Amino acid sequence: MSKRIKNFLGFLWSSPVSIFGWLFGLFLLATGQVESLKCHRDWTFVWDLKNKGWFQRKSMELRGWAGFSVGNNVFVKDVDKDRWMSTLIHEGAHCHQWY
C-alpha cells in the first residue's frame, strides 16, 4: 500500500478525534489567535499560534509548552526556528500515532 493511501486512511481513522481539534482551531482562528494554518502532505494541519495571543500566554506559556496535538492537528507557537521545527516533528509523531 502506498504511503499516500496509508496517510489518507489514517486521516479518516483519526477524524473523530480530529473534529475536536478542527473546532478548537476554528475557535482560535475566530478569536484572532492563529498566525497561519497549513495542511501538510501527510494530512496533518499545523496551526501556528500568535506569540502575543491570550491563549498562548494563558495556557501554553504557563506550562512551558511549545506545542500540542489533537488528532491530526498540531498547534504550535512561534519560537526560534530550531525549537519550532523540533516541536513540529515531535507533535507530528503524535499525529502519526493516531494514524
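The questions and answers below go from overall fold to cysteines.

Guide: This is a predicted model, where local features need pLDDT of at least 70, side-chain atom pairs count only at pLDDT 80 or more, and totals for chains, interfaces and linings use all residues. Residues are numbered from 1 along each chain as its sequence is written, and side-chain values use heavy atoms, with hydrogens and water left out.

Visitor: Which pattern does the protein follow along the sequence?
Guide: Helices (H or I, at least four residues) and strands (E, at least two) are DSSP runs, numbered from the N terminus. The protein has three helices and four strands. Read along the sequence, the pattern is α-β-β-α-β-β-α.

Visitor: What percentage of the 99 residues count as buried?
Guide: Buried means under 20% relative accessible area, exposed over 50%, partly exposed in between (1.4 Å probe, protein chains only). Of the 99 residues, the buried share is 39%.

Visitor: How many disulfides does a search of the whole structure find?
Guide: A disulfide is a pair of cysteine sulfur atoms within 2.5 Å. The search covers the whole structure, and the count is zero.

Visitor: Why is Cys39 in no disulfide, and which cysteine sulfur is nearest?
Guide: The two sulfurs are 11 Å apart, too far for a bond. The cysteine whose sulfur is nearest to that of Cys39 is Cys95.
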